[in-house]
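I opened my notebook to record what I looked up in this structure. The entries follow in the order I made them.

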Amino acid sequence: MLHAVNGLLLIATQKYDSTSPEELTLEDGDVVELLDTHDPSGAAKAVVKELIETEQEFVRDMDSVIQKYFTFPEEPGKVPKVIKDNADLLYGNFKEIAEFHRTVLMEGIKYHANDPVLLGKTFLRLERDFDKHVLYFQNEPIAQEFLDTCDEAYDYFSVSKFT
């Protein structure tokens, strides 16, 4: 929840309708960050901080997917042959995208975190690298069709052991 009061930007973990920060009820563990909206660099720092945290979480999630689905255990019967045989179709360039986010993009964001103008230029400079995502999503319907028509593959990814 974002709310501006007397030049402060409140980022709260709960919704409130008050114009007074004093009326905001908090419990142990709740987080509120106060930002001065009259200080543009403070707001920019908050946005960059959020960008970094979001990107780090995205990288962790992608790495988790790679660990769960891309590492084929040697135990017989763990991963169906149909999955191994169609790994390129199912996963496409997911690892390449994850590597880009983990190394190139994350490092660029961190390197220019203190200068939002250069940070913006980082995204422009990496524009062509984002084409990896386009290729992945262009191939996604083909992978989905395969899952929809191959019961063994569908069942493999539906099993709750991956949660």
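**Entry 1: helix 6.** I began with the bend in helix 6, which is about 35° at Glu140. A proline, Pro141, follows within four residues. I took the bend at a residue as the angle between axes fitted to the seven residues ending there and the seven starting there. Helices here are DSSP runs of H or I with at least four residues, strands are runs of E with at least two, and both are numbered from the N terminus.

This is a predicted model, where local features need pLDDT of at least 70, side-chain atom pairs count only at pLDDT 80 or more, and totals for chains, interfaces and linings use all residues. Residues are numbered from 1 along each chain as its sequence is written, and side-chain values use heavy atoms, with hydrogens and water left out.

Next I checked the length of helix 6. Its 19 residues reach 28 Å from the first C-alpha to the last, close to the 27 Å expected at 1.5 Å a residue. The expected span is 1.5 Å times one less than the number of residues.

Which residues of helix 6 are buried? I listed Lys132, His133, Ala143, Phe146 and Leu147. Buried means under 20% relative accessible area, exposed means over 50%, and partly exposed lies in between (1.4 Å probe, protein chains only). The cover over these buried residues includes helix 2 (81–85), helix 3, helix 4 and helix 7 (151–158).

Entry 2: I found Asp88 in helix 3 (residues 87–91). Is Asp88 buried or exposed? Asp88 counts as exposed, at 70% relative accessibility.

Asn93 sits in the loop between helix 3 and helix 4. Asn93 is buried, with a relative accessible area of 10%. What does Asn93 contact, leaving aside neighbours within four places in sequence? I noted Lys132, Leu135 and Tyr136. Contact means heavy atoms within 4.5 Å.

**Entry 3: aromatic rings.** I found nine aromatic pairs in the structure. Rings of Phe, Tyr and Trp (its six-membered ring) pair if their centres lie within 6.5 Å; planes under 30 degrees apart count as stacked, over 60 as edge-to-face and the rest as tilted.

Why is the pair of Phe100 and Phe130 edge-to-face? The ring centres are 5.2 Å apart and the planes stand at 85°, so Phe100 and Phe130 pair edge-to-face. This pair links distant parts of the chain, 30 residues apart. Phe100 lies in helix 4 (residues 94–111), and Phe130 in the loop between helix 5 (116–125) and helix 6 (131–149). Phe100 is buried at 3% relative accessibility, whereas Phe130 is partly exposed at 24%.

I then turned to Tyr136 and Phe137. Their ring centres are 5.2 Å apart and their planes are at 90°, so this pair is edge-to-face. Tyr136 is partly exposed, with a relative accessible area of 23%. Phe137 is exposed at 56%. Ring pairs link both into a cluster that includes Tyr69, Phe70, Tyr91 and Phe94.

**Entry 4: the whole chain.** I finished with the overall picture. The chain has seven helices and three strands, in the pattern β-β-β-α-α-α-α-α-α-α. Buried residues make up 31% of its 163 residues.
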